Amino acid sequence: MRTQEQVNEIVRLLLEEYPEASCTLDYDKAYELLFSVRLAAQCTDERVNQITPALFARFPTLESFAEADVAEVEQYVHSCGFFRAKARDIVACAQVLLEKHGGRVPDTMEELTALPGVGRKTANLILGDVYRVPGSTVVDTHCIRLSNRMGLVDNLKEPVKIEMALRKILPPERSSDFCHCLVLHGRAVCDARKPDCEHCCVKHLCQHFSG
Ligand code: SF4
């Protein structure tokens with residue numbers, strides 16, 4: 001495990017390395033981000049960004065999503081995989097947002113995770129990116145891999161345990177941006193199969209590299 005000083009330095013260096021780190025899904029409205037994240041499950045952000053312009057043009061308002069024929073939404077999201085469940089969740093989520101939240105995406109973990117198809121990862125993303133809630137910690141596949149390799153967590157696999165462990169050590173104001181950095185660093189350097197440790201800006205602090 002890394003010391004708090006080492007953690008702070010890892011955070012500082014990665015934020016410096018990826019100063020523009022942010023969510024790579026394209027969206028204009030908060031509910032569009034919510035739906036895009038649902039579509040991104042078991043899919044790439046790149047693929048989601050290819051299909052959402054047509055989807056959001058066909059259904060330009062929350063009301064239009066709530067009234068949509070699920071079968072038609074399926075056609076738009078087909079290439080994202082698990083299209084039936086995703087289309088069903090999106091339409092149901094739009095209905096709940098209108099019925100229970102006045103058309104607004106809620107800003108609490110409890111309310112967000114009560115929405116159809118929304119788990120803690122999505123909720124943290126909304127809280128961090130839309131509402132800038134301190135401490136928001138998005139644990140995706142990159143975060144799981146990198147936080148274990150670096151030694152930010154001690155051999156944890158369960159996302160919720162990793163989230164709780166990271167919440168204890170990450171500076172709350174920076175945790176959301178830091179998680180975006182982990183995604184970019186995971187894609188660019190700390191690859192799942194073959195991490196490029198020689199060219200890594202935090203190798204001197206990394207548990208995997210130093211052994
Ligand atoms: S030193 Fe290697 S294992 Fe550690 S974060 Fe960098 S690329 Fe990943």
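Visitor: Where is phenylalanine 82 found?
Guide: Phenylalanine 82 is found in the loop between α5 (70–77) and α6 (83–101), where helices are DSSP runs of H or I of at least four residues, strands are E runs of at least two, and both are numbered from the N terminus. Please note that this is a predicted model, in which local features need pLDDT of at least 70, side-chain atom pairs count only at pLDDT 80 or more, and totals for chains, interfaces and linings use all residues. Residues are numbered from 1 along each chain as its sequence is written.

Visitor: And what phi does phenylalanine 82 have?
Guide: Phenylalanine 82 has a positive phi of about 45 degrees, although it is not a glycine. Most residues other than glycine have a negative phi.

Visitor: Is arginine 132 buried or exposed?
Guide: Arginine 132 counts as exposed because it has 12 C-beta neighbours inside 10 Å; with C-beta atoms placed from the backbone, 12 or fewer others within 10 Å is exposed, 20 or more is buried, and in between is partly exposed. Arginine 132 lies in the loop between α8 (120–130) and α9, and has a positive phi of about 50 degrees.

Visitor: Changing topic, how is the protein divided into domains?
Guide: The protein is divided into domain 1 (4–22 + 136–210) and domain 2 (30–130), with bounds that come from an automatic or database domain assignment. Their centres, taken over C-alpha atoms, are separated by 27 Å.

Visitor: How many residues does each domain give to the contact?
Guide: Domain 1 gives 9 residues and domain 2 gives 7 residues, two residues being in contact if their C-beta atoms, placed from the backbone, lie within 7 Å.
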